[in-house]
Amino acid sequence: MPPILVFLVYAFAFGLVTGSFLNVCISRIPKNESVVFPPSHCPLCNYRIRWYDNIPLVSYLLLRGRCRGCGAHISLIYPLVELLNGLLTMSLFWRFGPSLSFLALFLFCCALLVITFIDMEHQIIPDEISLPGIVVGFLFSFFLPWQTWLGSLAGILLGGGSLLLVASCYQWLTGKDGMGGGDIKLLAMMGAFLGWKAVPFIIFASSLAGSVIGVSMMLIQKKDSKMAIPFGPYLAFGAVLYIFYGGQLIRWYLHMGRLAR
């Protein structure tokens, strides 16, 4: 097996293992519980999960998605988070190799996964992740080859400020809250890690995806426009899209603009 494939397999396995910890964060952070203690256990029967029942993906398949202690169904979200984190980690390693850029974006994507699944279930974006993420992203900017501290600071201000302006205008016009403060802090975190140039792309991509999927969900579920739709997952989608394809998509868009003249 070529050495690069060996490293990619290791990266995928590392992502699976860390994805198992992300599941703990997704489950416990909204409940204000420690992510360290007590050890992993079934929330229904308190059966302590043994190491052989905690092997990412494999244990879920062997147990057929049920708790060994009480037989309760285990949510499909658990293996899904592990698989997504494994694929993301492998893709980041393929793109950036063993570098500080890989480490920074690995931590960033782990945070996005946790935020995505918490926001989808609870419609909150925990400050415990976004606020420290802003600080960590800014500190990384002093050492990353594709980022500067000025670009990171501008990203924080543009990311947080743009959504704050939109939310303020919407509230002024309608008298209602149209966007939560969590989304504002999340986009500020994205600006801290990716810089100010990423912010317009993320806003456009997330708004487009949110509009298409949100309208489709309202039509399928026969809901009206007042239906609450978490925006955090769409922001996360835009950020990941920018990491892997942002440059190509922006160049393609500019090229199409020149052809249209």
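Colleague: Is F102 buried or exposed in this predicted model?
Modeller: The cut-off for buried is under 20% relative accessible area. F102 has a relative accessible area of 13%, so F102 is buried.

Colleague: And F93, buried or exposed?
Modeller: The limit is again under 20%. The relative accessible area of F93 is 13%, so F93 counts as buried.

Colleague: Which kind of aromatic pair do the rings of F93 and F102 form?
Modeller: Planes over 60 degrees apart count as edge-to-face. The ring centres of F93 and F102 lie 5.6 Å apart. Their planes stand at 90°, so the pair is edge-to-face.

Colleague: Which residues form one aromatic cluster?
Modeller: F93 and F102 both belong to it.

Colleague: What is the geometry of the aromatic pair of F140 and F193?
Modeller: The centre-to-centre distance is 6.4 Å, and the angle between the planes is 40°. Stacked needs under 30 degrees and edge-to-face over 60. The F140 and F193 pair is therefore tilted.

Colleague: How many residues apart are F140 and F193?
Modeller: F140 sits in helix α5, and F193 in helix α7. Their pair links distant parts of the chain. The separation is 53 residues.

Colleague: What is the relative accessible area of F140, and of F193?
Modeller: Both must fall under 20% to count as buried. F140 is buried, at 12%. F193 is buried too, with a value of 4%.

Colleague: How many aromatic pairs does the structure hold?
Modeller: A pair needs ring centres within 6.5 Å. On that basis the total is eleven.

Colleague: Which element gives the most residues to the largest nonpolar core?
Modeller: This core has 55 residues, and F108, M189, M190 and L194 touch the most other members. Elements giving two or more residues include α1 (3-28), α7 (181-194) and α9 (232-260). The top contributor, with 14 residues, is α4.

Colleague: Which residues does M189 touch, beyond those up to four places away in sequence?
Modeller: Contact here means heavy atoms within 4.5 Å. With the sequence neighbours set aside, the partners are F108, A111, L112, I115, I129, S130, G133 and I134.

Colleague: Which backbone nitrogen lies 3.3 Å from a polar atom of the S59 side chain?
Modeller: S59 is in helix α2 (residues 58-62). S59 counts as buried, at 3% relative accessibility. Beyond four places in sequence, S59 is in contact with Y52, D53 and N54. The backbone nitrogen in question belongs to N54.

Technical notes:
Residues numbered from 1 in each chain as written. Predicted model: local features only at pLDDT ≥ 70, side-chain atom pairs only at ≥ 80, totals over all residues. Heavy atoms only, no water. Core = buried A, V, L, I, M, F, W, Y, C linked by side-chain atoms within 4.5 Å. Buried < 20%, exposed > 50% of the residue type's maximum accessible area, 1.4 Å probe, protein only. Helix = DSSP H or I, 4+ residues; strand = E, 2+ residues; numbered from the N terminus. Phe/Tyr/Trp six-rings, centres within 6.5 Å; stacked < 30°, edge-to-face > 60°. Polar contact = N/O pair within 3.5 Å; in protein donor to acceptor, adjacent residues only side chain to side chain.
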